[in-house]
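Here is a short walk through one protein model. Keep the sequence and the 3D view side by side as you read.

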Amino acid sequence: MIKLLTIALAVFFPQLLFAADIGIPAVSLSIAEDGTQNYSVTIQILVLMTMLTFLPAMIMMMTSFTRIIVVFAILRQAMGLQSTPSNQVLVGLALFLSFFIMSPVLDKVNALAIQPYINEELAPLEALRAAEGPFRDFMMAQTRESDLNLFLKIANIPDVSSAAEVPFSVLVPAFVTSELKTAFQIGFMLFIPFLVIDLVVASVLMAMGMMMLSPVIISLPFKIMLFVLVDGWAMIVGTLASSFRM
């Protein structure tokens, strides 16, 4: 990727190649005594800005965000609320809850990769490999073995002996598949009490001969009351936070 970015920079911004004349080492590569390659600050910033474009995808595919937002969406559907809470509220709550759940992983990344890189103890590529470890451990802990074996089989990769040998191209889709399965299992359990309320209300209206009255209008207040009485939000958030194996 570094070579491709360097070529693109040379094609679209050739004036940067001559920046050394004015004292700005825009594109430079230095090799340390131990053989590690160090790129100039300009290249490092360009790579960092490029990686930031993948940040939303990384949050959705490599953290707890997917499970949380799917459960919230199923909960809203089960209660019969079409747009309350709004998508912005659910995404914001899921995002900050993801930061809370991922805080141990982020602390490890900061200690193993970010701080050594800032202190110039690690090269950029070494810091990236060091940051990969905590995320790999978190994702492997949530991934089902059956899902992992499925994608290993699709990728024609033989059985691996350790988690470190699993490529990220296999681990990420296996992790997301496991997260979706877990989210739907939790959503199914959430749907049951609200479904019972809908059936009871529909049966009562049918017995009273009020077939023209929509059961959803009558059952919605009861479902909201039930959810409030059992302190539903605290229960769901606590369950989601404790469902992740660290």
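Arg67 and Glu179 are both buried, where buried means under 20% relative accessible area, exposed means over 50%, and partly exposed lies in between (1.4 Å probe, protein chains only). The model is predicted: local features need pLDDT of at least 70, side-chain atom pairs count only at pLDDT 80 or more, and totals for chains, interfaces and linings use all residues. Residues are numbered from 1 along each chain as its sequence is written, and side-chain values use heavy atoms, with hydrogens and water left out.

Arg67 and Glu179 also form a salt bridge, with their closest N and O atoms 2.6 Å apart. Arg67 sits in helix α4 (residues 65-79) and Glu179 in helix α8 (residues 168-207), so this pair ties together parts that are 112 residues apart in sequence. A salt bridge here is a side-chain nitrogen of Lys or Arg within 4 Å of a carboxyl oxygen of Asp or Glu. Helices (H or I, at least four residues) are DSSP runs, numbered from the N terminus, as are strands (E, at least two).

How many salt bridges does a search of the whole structure find? It finds three.

Another joins Arg136 to Glu132, at 2.6 Å from N to O. Both belong to helix α6 (residues 124-142), where they are four residues apart, or about one helical turn. In general, an α-helix has 3.6 residues a turn, so residues three or four places apart point the same way. Arg136 is buried at 8% relative accessibility. Glu132 is partly exposed at 30%.

Lys223 and Asp198 make a salt bridge too, at 3.4 Å from N to O. This pair links distant parts of the chain: Lys223 is in helix α9 (residues 215-229) and Asp198 in helix α8, 25 residues apart. Lys223 is buried, at 2% relative accessible area. Asp198 counts as partly exposed, at 24%.

Now return to α4. Twelve of its 15 residues are buried, so α4 is mostly covered. Among them are Phe65, Ile68, Val71 and Leu75. The buried residues of α4 pack against α3 (55-62), α5 (87-118), α6, α8, α9 and α10; contact means heavy atoms within 4.5 Å.

Two backbone angles remain. Just after α4, Gly80 has a positive phi of about 85°. Asp231 is not a glycine, yet its phi is positive, at about 55°. Asp231 lies in the loop between α9 and α10 (232-242), and is partly exposed at 48% relative accessible area.
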